[in-house]
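Dear colleague,

I am handing over the structure we spoke about. Please look through it first; my notes on what was found follow below.

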Amino acid sequence: MSAARRSDASEAVRELPPVPSTSRTSFAELSVRQRMREKLKAARTKAEITLSQEDPSPQPRHLKGIRERKPGVRLDKTSDNDKFREMSAGESHLPSKVKFRDSVKKLKQKSTFQNDFPSEEEAYNFFTFNFDAVPEKMKAGARKKNGLNEEEEVEEECVETHEDEQEEDEMDDDVRLVKDDDLFIGQTDEDLVVVKPVVCESYTEQLKREKEFLFIPSMLAVPASEKMPRNMQPRYLEDEGLYTGERPVVSQSNQNILENRILRQDQGKEWFGDDGKILALPNPIKQSSTRPPIFSLEEGIAPEFETVYRKAIKMTSTNQYFVGPGDFQGLFQLDIDISGLIFTHHPCFSREHVLAAKLAQLYDQYLARRQKNLTKLLTDKLHALRSAVQYSREGGGDGVPVAQQSIPEYKVEIRQTRRLRDAEQEKDRTLLKTIIKVWKQIKSLRDFQKFTNTPMKLYLRKEEVDQKSDEKAYEAEIQAEIKELLEECMEEYEKKMEEYKTQLHDWKSWKKTQKSKKKKKKDTHVDEESDDHDFGEERIKPIPPRMANSLEIEQQVREKADNCRRKPGEPILVPELTLSGSITPTEQCPRAEVLRREDVKKRSAFIKVLFNSKEVSRTVTRPISSDFRVHFGQIFNLQIINWPESLKLQIYETTGMSSTTLLAEVFLPVPETAVLTGTAPLEEVEFSSDQRVMLDHEGVGSGVSFSFEADGSNKMTFMTSGKVSSSVSWAVGEKGIPLIPPVSQQSTGIPSALKHIDAIASIGTSGLTDMKKLAKWAAEAKLDPNDPNNAALMQLIMISTSGEAHVPDFFRLEQLQQEFNFVSDEEFNRSKRFRLLRLRNEEVAEFRNYKQVPLHEREISEKIFQDYEKRMQERDVIDSKNYLDAHRAVVASYLQKVRESVINRFLIAKHHFILSDLVNEEEIPGLGILGLGLFKLAEPKRPLRPRRKERKKVTAQNLSDGDIKLLVNIIRAYDIPVRKQVMSKLQQPSKSSRSFNEMFAASPSAQSQPNSPDWAFNQVLVRPFVEVSFQRTLCRTTTAEGPSPCWNEELELPFRAPNGDYSTHSLQSVKDEVFINVFDEVLHDAVEDDCERGSGIHTRIERHWLGCVKIPFTTIYFQARIDGTFKINIPPVLLGYSKEKNVGMERGYDSVRNLSEGSYITLFITIEPQLIPGESVREKFDTQEDGKLLQAAEQYEAECTSKFPSRQCLTTVIDLDGKTVFITRYIKPLNPPQELLDAVPDRSQTAAELVARYVALIPFLPDSVSFAGICDLWSTSDQFLYLLAGDEEEHAVLLCNYFLGMGKKAWLITGNAIPEGPTAYVLTLEQSQYVIWNPSTGCFYGQYDTFCPLQNVYCLISCDNIWFNMQEYDSPGRISFDISKPKHWKPFFSRSLPFPGLRSIQPEELTYERSDKAAALELQSRIEKILKDKIMEWRPMRPTRWNRYCTSTLRNFLPLLEQNQGKDIEDDHQAELQKQLGDYRVSGFPIHMPYSEVRPLIEAVHSTGVHTIDVSNVEFALAVYIHAYPQHVLSVWIYVASLVRNR
Amino acid sequence: MTSTANSPLSTARTGSPRRYQHCPHPVTLSPPLSLSPAPGSPSPAHPGSPQGLEEGISQITSKSSVSPTTLVWNFPIDITFKSTNPFGWPQIVLSVYGPDFFGHDVVRGYGAVHVPFVPGRHKRTIAMFVPESTSRLQQLTSWFTGRRPEFTDPRVVARGEGREVTRVRSQGFVTVTFNVMTKDLHKLGYDVGQGPQGLHQA
């Protein structure tokens, strides 16, 4: 205690209340101080009294006393305490310091048992008490002791006075005695004061002295032997398998110090455990901090100083049932329904009441038994067992071992059952008997006492039974039993007999030996004693067992049956207890009874409800009715915060006005959380009281014996007892929420254990069911198996691993799903709304963009699902109607399935993200780029030079209908066919035979047609215009003139995505095509009447289709823009039109001649705004390729791309199964259909063309359409031929394989073409000339062909190598195709990496189905009909007449076209037509298409616009011809024509 | 059901105050993830479909001299969502931009928070973060060029998908106060409990 506190405290003694100090002893100190103050007060009064008694001049004595005491003071040297003792001894003489005496006395007392150190109280006393003169004395003493000069007493005096003055202030008012000190100091003698110089102790000395009384424990480790009791080995509990918690971390040195220090103490060894370590509790520190990091919102204030408002909280009780403040959820409510009280015995019961209660009890028992009906049950069982035995016996003849074996078991069972049944029957019967007996007793009692107290009445209902059948059954039962018993007895007998025999045998042998012994004895005279001994062991001859007597048994059985069973023919008695009897009115009763009744009336009862042993409510006091029932019918709603610990009812009885006695206490169970008000049943709780009541009236009292008999025999004693009927349940809140406090989880078992150690966090909830996983986790987590916390878990694991408990060997996926289901699965599936939501979430096409799903079931119409369901149904049903061809239908469904599986794969892949998908990060600029940037700075500025600016790209998801426009810029066209004058002289161009040599002549033949001058003049201008149709929207340019028109017009077409879904995924699968049709606008003079000719012009505009260009939307989408000159697809025959054939008539690979071969149109197509095409999926696919090869391929690709970033290098592709395959495996010589080769056996050039045409006839289906998600799937040639659909790669691969099969040198070219974009072509080497084949059209081009659609060449692929184009240019005309030069073509397999001989994935040989002519014919007529219907449908306003004659002509003509592949027959045909339909103006053309399905045909016909002609007398002709090629490849020709009769 | 969130974007605290001397901070407010591109167009499978603008930019704020690390916008936004289904509850995505040492506008933080569904006044403190550069060198160059890594779409932060590939660094906090009103929530069978001030008006 500090000096400051000392003064503080002493002041406090005076008046101030004790200031609470911050020291840890404050409380103790406070109490000490208080105690001291009280003592002081007591002492003060005492002192005053004594003072008043003592003589008025105590001073001299006082002084004297001090003086006397002095030597004693000097003596004390040992310790303060001794000093005290001395001091007090001395002071005890001082009568004036009586008030001091008390405390001193106390000190003395204390010091007797505390010899070394002052107690706290003493210490306090020492510092706070006003030891009047003692301090001075001590001081003086100390000085004296030092033997110092006393001369300077004056100075000392001054000091003392000063001190005294100080003290004076501090002292109590009442301690007037201090004043004496002044006096005393004034008279001090020199002895008191000692003057000495300042003593300066040297440090070493100080240390030395300190050593005397300070103990510094050593830091060295204490040997274990010292810590342990002698002769004891340290024992390690942990090794013994006991749980020892983790010890808190204490540094070793500290531990050593502590140990050393403790060892010095008495009984220090107690502090050490058996293992020689200091006892320690487990480390209480948690592994992880539970305090969340503080985010300070206020700036500048350290978070820990921030003031935070917290709601006042209640102290959490340690009670487990207490609901913590954290989860206080308002009041909970417990409903206690106390309905009533029934006494089964009461002191006021009359004898009749007692009997009635008994009867009621018996009756209840009877009812309960009847409900259980054990007898019947057991009888049935017995019957069943008997019949089973019977059955197995009969069937047992076959020797079924199982049945045989089970017979004894059955028998045992039968015996047991019979015994049970008999017991039950007996019980039933005795119960019935007792009931009747008691009822008889009641009746006799009522007769005897001549009044009735209870309304009980027992009726015995007789149920008559059929005597005969009953008797029969009875007899049968008895017989069966007898039989069984006999059998049993027989078995028993046999067993005993067996035993007997063995025993007899033994006995006989024994006898024999005895006899022989006797004989021996006789011979040898052995000792008699031993003989006697032997005789003593003489065995009794076993008695043979008695055979059971069947008569005896029968008698037994019958007796028993009589006892416990209803006699045959005896009616079944059914007792019925009613309360319909009348009670004798009080007036008619004898006096004792009247008294009793009055006493009953005086009595009343009530019940107290105690919740957690506190009375919370009580019922009203209700009188006990005459039948000893008390009805309360009260419900108590207890609003509680705590989880109930106990619920108790106390039953009180009041007699008259005064006394209330506690009859009994009944504990009610706290209801389960599932027990809610309304569902809780009333339950009866029995109680009884050991109260002894004796009454002086008819009442029998309780705890008193009484008798029913007149002679007082057969005494009985009853205790007060009864039943409380009540129910306890949890209330249900307004919203139907049960008001149940959350059960504080004290529940034992697995969940709590798991919660503690958080297994869920580490292995997930699913792991909890997987025992192995759990066990593994436990092993990994190094769970201490001895830790009580883990006990439950360890036990669980133990059980599961030892296999004692049943562990399911199946894995339950989402085993918690059940808990989270908000509706049952059935309901979920039934609900339309959930279905809609689910389908939308699954992104099913029909519902992907469904907006605002209605809230209510009724608002969803059934129609929504119709389409979807229809589609689902159709998936499996192959509908040949749509396809007109069974094979196509099969293929289509197969394709659909492949598509779905691939789409699913990609949907999954789509959700795999890599960093660049999410984060935009600038690449570190390389040195090259930096250098380029610098170079650019130095570049001369050319502001006038136009530059293309990149448009802003738009992500697809922000778009909606009308946002996207297709821009088609039509610039110009070349070589449009021109009209022929109808009656003009037919030009018959000379058709020279074509030869291969000619075709591939290096230089163009300078053969020029001599132009007839009139031809030039006769030429009628063509007035072409272009109409673009897209998604049935039409847009046309103005009309230009001449065969080489220039429009330069921009057309804008709106684009609508299917289902309004503008996601990338959906845009990729748009199947629409852009049709660019070239028409000729023809003006006809429509003036009917010649006389009008002068006054007005009346012309009719007709449009004649000349040709078209088709570009799929997906191409535009992926290319972003399409810019170039395209060949117009002009029908082979254009009636009334001719091509300018002035330049060259000869066909060939020559570029000059090719110039005039077709008509061309220059286009620029783009989408506004520019859409970002979807990224290709970077899924890592499965592969069967060698890892090294793939690595090499990657490296090769990387090398190539780094040199020519614009050139795509293709080494691996994905096959139809989604596996990565090396590309060369696709190339393999394959046989073309023999039919084709047979057709033109000699001319390999023609054969090549024919094969190319065959390949081109296989329908084109871009992968992106079928497999949205942009991945190029390559199917093998047989797959391709089976599917009959594929894109450029498949066509190219097949064509290349055919060419190889035909013995040509062929390669696959990958490159860029218009309009397809990246594509694959085929390159062949024909007589030192390279020919490029477009596999999708069947056209071929020379290397230097200007109009070759292939623009860039990237790679060449053969069956054993890949070459990458390393030349500066990549357009076919500017490169060399000589692959032998590695400078130009970088090979994949080279000397460093030789070709490993990769096996092709193509089949060995292709087999073809022969063309089915009949099917083709059928299809032909069907298509014709469909198209005719369509045309009529498109002309709803006018009649459509069909010219049969013309149709048949056209039909005849079409096969010819097919035969000639649409070449060079135009003029013949025209002439013929002209001849036949002389007076008609015919305009029409044949369309040639590969056949895939009907829709494209219809589209094609529609796009020609033949139906749009609206001349009144127009007639139509339509002919369809289908030519079947092997393997269902069909070539479709449609000839449409309109005929107008010439006037 | 509709719910209206009126949320003044009150304050933001930034991680490193030193660099932000007098830096104006624009904020982009991207309302919840994948909402309809524009009114009237097919909407995605999420409840919130606000009418009108979906993205907005707040005014530029600069720090005050009083508290140098706190930036105050007090920028009110009014959004109404309408849905029949609480799946994909709307979120507000904030992206904060501010000029860096060289004056480039760089992203200062992304953050998203669900609009509280309990009616009443709510205060949400959103921890903001930015994607980390993939390497030290990248970090250096991005610091020089002022082209820090950014999310391709700020809505990424409102989605869980793909977030596992990103590494982010936390940068300060933005406090948003919401005043939420709901209509017909209760009628449609959704119980959101009591609001903080008992403003439940279903």
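A:E653 and A:R603 form a salt bridge, with 3.4 Å between their closest N and O atoms. The two residues come from distant parts of the chain, A:E653 from strand β8 (residues 647-655) of chain A and A:R603 from strand β4 (residues 603-611) of chain A, 50 residues apart. A:E653 is buried, at a relative accessible area of 3%, and A:R603 is buried as well, at 7%. Please keep in mind that this is a predicted model.

A second salt bridge joins A:R1036 to A:E1081, where the closest N and O atoms are again 3.4 Å apart. A:R1036 belongs to strand β19 of chain A and A:E1081 to strand β21 of chain A, so this pair ties together parts 45 residues apart in sequence. A:R1036 is partly exposed, with a relative accessible area of 35%, while A:E1081 counts as buried at 8%.

Strands β19 and β21 are both in an open sheet of four strands, ordered β19-β18-β21-β22 (chain A) and paired antiparallel. β19 (1033-1036) and β22 (1099-1112) of chain A each have a single partner strand, so one side of each is left without a neighbour in the sheet. On average, and ignoring direction, neighbouring strands of this sheet are turned by 25° against each other. Inside the sheet, β18 (residues 1024-1030) and β21 (residues 1073-1085) of chain A pair over seven bridges in the antiparallel sense. A:S1029 has A:F1075 in β21(A) as its bridge partner. Helix α46 (residues 1494-1504) of chain A packs on the sheet and touches β21 and β22 of chain A, its direction making about 35° with that of β21(A).

A:E1326 is in strand β32 (residues 1317-1326) of chain A, and A:K1304 is in the loop between α42 (1288-1301) and β31 (1305-1313) of chain A, 22 residues away. Both A:E1326 and A:K1304 are buried. Elsewhere, salt bridges with shared partners make one network whose members include A:R386, A:R415, A:D422, A:E477 and A:E491. The count over all chains is 38 salt bridges.

An unreviewed UniProt entry annotates residues 475-510 of chain A as "coiled-coil region". In the model that span is 100% helix, and its end C-alpha atoms lie 50 Å apart.

Of its 1543 residues, 42% count as buried.

Regards

Definitions and conventions: Residues numbered from 1 in each chain as written. Chains lettered and ligands numbered in written order. Predicted model: local features only at pLDDT ≥ 70, side-chain atom pairs only at ≥ 80, totals over all residues. Heavy atoms only, no water. Buried < 20%, exposed > 50% of the residue type's maximum accessible area, 1.4 Å probe, protein only. UniProt positions renumbered as here; feature names shortened; annotations may be inferred. Pairing = 2+ DSSP bridges. Axes fitted to C-alpha atoms, helices over the stretch in contact; angles between N-to-C directions. Contact = heavy atoms within 4.5 Å. Salt bridge = Lys/Arg side-chain N within 4 Å of Asp/Glu carboxyl O.
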